[in-house]
Amino acid sequence: MNAADVMTRPVVSVTPATTVRTASALLVDHGFAALPVVDVQKHLVGIVSGADLLVASLGRDAAATVRQVMTAPVVSAPLTATPAELAGAVLGHRLRCLPVVDARGVLVGVISRNDLLRVLTPEDDVLAGRVDRLLRAYSRTRRWRVEVADGRVVVTGPFDDVAEQQVVTALVRTVPGVTDVNPHKFYEPLDA
């Protein structure tokens, strides 16, 4: 696995001539932390963050451009970078957005912290968290322990009755990614 497998594309980017106002609107509209800045050949030439745009917007210069507030040169990653190398770059430089470039320096993708977490967090852990949140919302307490292996969910803990066991089983089956719910380890009567 490398940057090409992790990155988000297509990339929303701006040029140095883009106004601060337009860049700010793009950032807000898409919910990004930063925008890569590219030239007419799509070569990465800088990056502009929400903080950069906020400071520029406070100056209220309607004609301000990204060129005036962007950071250059910018830290980027090659398509061949491993998840560990990507995480090292993001953490080492305290980045929220890491542009990915091809061998010619052309912007081809962007990697966020969430992109890296998605790759570095085992899918079963993500699934267990989703099931646990759902069951806590249902019971308003943390009554059950959730374990997941290869999409198979086991929930253990006290149930009021068989009907509640069936409700919980049905709820767990609604979570995308659940392949099976083990009903044999589910029922543990309260008076046991």
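Reply: Happy to. Helices (H or I, at least four residues) and strands (E, at least two) are DSSP runs, numbered from the N terminus. On that basis the protein chain has eight helices and eight strands. This is a predicted model, in which local features need pLDDT of at least 70 and side-chain atom pairs count only at pLDDT 80 or more, while totals for chains, interfaces and linings use all residues. Residues are numbered from 1 along each chain as its sequence is written, and side-chain values use heavy atoms, with hydrogens and water left out.

Now to your pocket. On a 1 Å grid over the protein atoms alone, a pocket is an open set of points where a 1.4 Å probe fits, with protein on both sides within 12 Å along at least five of seven lines; lining residues have an atom within 4 Å of a point. Grid points are joined across faces, edges and corners, and a volume is the space filled by probe spheres set on the points. The largest pocket holds about 310 Å³ of space. Its lining consists of 17 residues, and Phe32, Ala33, Arg96, Val110 and Ser112 lie nearest the centre. At least two lining residues come from each of β1 (34-38), β5 (107-112) and α6 (113-120). By class, the lining has 10 nonpolar, four polar and three charged residues; here Ala, Val, Leu, Ile, Met, Phe, Trp, Tyr, Cys and Pro count as nonpolar, Asp, Glu, Lys and Arg as charged, and the others, Gly among them, as polar.

As for the whole chain, the C-alpha trace spans about 70 × 40 × 25 Å along its principal axes. The radius of gyration, taken over C-alpha atoms, is compared with a globule rule of 2.2 Å times the number of residues to the power 0.38. A compact globule of 192 residues would come out near 16 Å, but the protein chain has 23 Å. Buried residues (under 20% relative accessible area, with a 1.4 Å probe and protein chains only) make up 38% of the 192 residues. Counting contacts (heavy atoms within 4.5 Å) between residues at least 6 apart in sequence, 54% join residues at least 24 apart.

Note on methods
Buried means under 20% relative accessible area, exposed over 50%, partly exposed in between (1.4 Å probe, protein chains only).
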